[in-house]
Amino acid sequence: MAKDDLQCPPHGKGWGRTAVTFTPYFSFYIETSKTLKNSNMNSKLKTLCLFLVISISIAAQPALKIGFSVGDFSSDRWSQEPKFFEDEAKALGVEVLFEYAYGDADKQLEQVRKLIHSGIKVLLVFPTSTDNWTPVVEEAHKAGIQVIAYERMLKNAPVDYFFSFQNEGVGRQQAQYAVDHRPKGNYILLGGPTSDLNSLLFMKGQKDVLQPYIDKGDINIVLAKHLNTWNAIDAFTEVQSYLNSTTQIAAILAANDDLAGGAIMALDMASTEYNIIITGQDATVGGCQSIIDGKQSMTVYKSIYSLAKEAARTAVKLAKEEPIIAMDVVNNGVKDIPAVLLKTVVVDKSNIKETVIADGFIKAEQLNWPEK
Ligand code: BGC
């Protein structure tokens, strides 16, 4: 073999042996190269060898993996979001390993520990409970894994990033809508469980807007309660028992569409005519249908598609050790966490077609529209 031929593989003969085992093309060219004399052919051969070296080293690298722990399915959105995330990550060449805890907080911690030992570079957590995360996040860090809190913050844990919406803003949008339409009267605030930090933020936003009206004596909060779960049945029971006891209600600030649905069920069963402002969140099919039917007044539309996609892009960048930019900061009790907080949109009967439908979030055929 000519000296030139030997130089093709840059690191000598041992290297050449490895290459032969990886690719039949390479072995073919080693054989052929013995007979090559002309320098033009030799330079083609060098180019080909270089190409093979690159291909082989790419093929030899393990695929990048991201872990995603999904805590629960407490709203329609959770049946879609993991898929949006996976599609984006896959398109960027990264594999996603999912674990689903179905509302069991201990199981979620166990599953996350399993993910930490499965070769992932980045871990996303959508927590069913925001508590008890510190040791697990520290364990992830020791394994060189960065942790992103997704939609709900992990309380007091040193997470690296937070991807969510402007959660206090959601509460403010709900309350502002209510006072714009019913500036006086008795208000009920139906919040989600306190195990979800967002529940507290939604209610804080609502109370911030209501406070001046309360101070003036125009609005009276007759009930403000965090329910045990995000299930409609809890809202149903709460509103039903309230209706048994009392007074006229001007507005029910339900934190999401499921809770609004429970409240509506209780009002329907009480069978009295009612003219109450009822808020929601998530723009679920059920929520949007209630808006069209005139039972729910508004919902807050959050583009979960954008959130999942943004989070996937960032997670992939982190996995590839590329720099990322986070515009916001949220303090979770232990430190300021760089955050991306997307804006939300108020939707009622007047703009449902221009927002959730136009965006393709819900197809017009999924809803029953009044006949003209
Ligand atoms: C989310 C809401 C959702 C609720 C129940 C909250 O943390 O912010 O969008 O409706 O959980 O899943």
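The questions and answers below walk through the helices and sheets of one predicted protein model.

Biologist: What kind of model is this, and how are its residues numbered?
Modeller: The model is predicted, so local features need pLDDT of at least 70, side-chain atom pairs count only at pLDDT 80 or more, and totals for chains, interfaces and linings use all residues. Side-chain values use heavy atoms, without hydrogens and water, and residues are numbered from 1 along each chain as its sequence is written.

Biologist: How many helices and strands does the protein chain have?
Modeller: Both are DSSP runs, numbered from the N terminus: helices are H or I with at least four residues, strands are E with at least two. The count for the protein chain is 14 helices and 13 strands.

Biologist: What percentage of the residues in the protein chain is buried?
Modeller: Buried means under 20% relative accessible area, exposed means over 50%, and partly exposed lies in between (1.4 Å probe, protein chains only). The protein chain has 372 residues. The buried share is 48%.

Biologist: Which residue of β4 stands opposite V122?
Modeller: Strand β3 (residues 122-126) pairs with strand β4 (residues 146-150) in the parallel sense. Four bridges join this pair. Opposite V122 stands Q146.

Biologist: At what angle do α5 and α13 pack, and what is that arrangement called?
Modeller: Axes are lines fitted to C-alpha atoms, for helices over the stretch in contact, and angles run from 0 to 180 degrees between N-to-C directions. Under 35 degrees counts as roughly parallel, over 145 as roughly antiparallel, 65 to 115 as roughly perpendicular, and the rest as oblique. Helix α5 (residues 81-91) and helix α13 (residues 304-319) have axes 8 Å apart and pack at about 40 degrees. That angle makes α5 to α13 oblique.

Biologist: How many residues of each class make the contact of α5 with α13?
Modeller: Contact means heavy atoms within 4.5 Å. Among the residues that meet are F84 and F85 in α5 and L307 and V316 in α13. Ala, Val, Leu, Ile, Met, Phe, Trp, Tyr, Cys and Pro count as nonpolar, Asp, Glu, Lys and Arg as charged, and the others, Gly among them, as polar. The contact has eleven nonpolar, no polar and four charged residues.

Biologist: Is A91 buried or exposed?
Modeller: A91 lies in helix α5. Its C-alpha atom is 9.9 Å from that of R313, 222 residues apart along the chain. At 65% relative accessibility, A91 counts as exposed.

Biologist: How is α6 oriented to α7?
Modeller: Helix α6 (residues 105-116) and helix α7 (residues 134-142) have axes 10 Å apart. They pack at about 5 degrees. L109 and I116 of α6 and V136 and A140 of α7 are among the residues in contact. The orientation is roughly parallel.

Biologist: Which residues of α12 are buried?
Modeller: Helix α12 (residues 285-292) is mostly covered, with six of its eight residues buried. These pack against α11 (257-270), β10 (298-301), β13 (345-348) and α14 (353-357). The buried residues are G287, C288, Q289, S290, I291 and I292.

Biologist: Which residue stands opposite I188 in β7?
Modeller: An open sheet of four strands has the order β7-β6-β8-β9, with parallel pairing. Seven bridges join strand β6 (residues 185-191) to β7. Opposite I188 stands L223.

Biologist: Which strand does α9 run at about 170 degrees to?
Modeller: Helix α9 (residues 197-216) lies across β6, β7 and β8. The strand in question is β7.

Terms used: Pairing = 2+ DSSP bridges.
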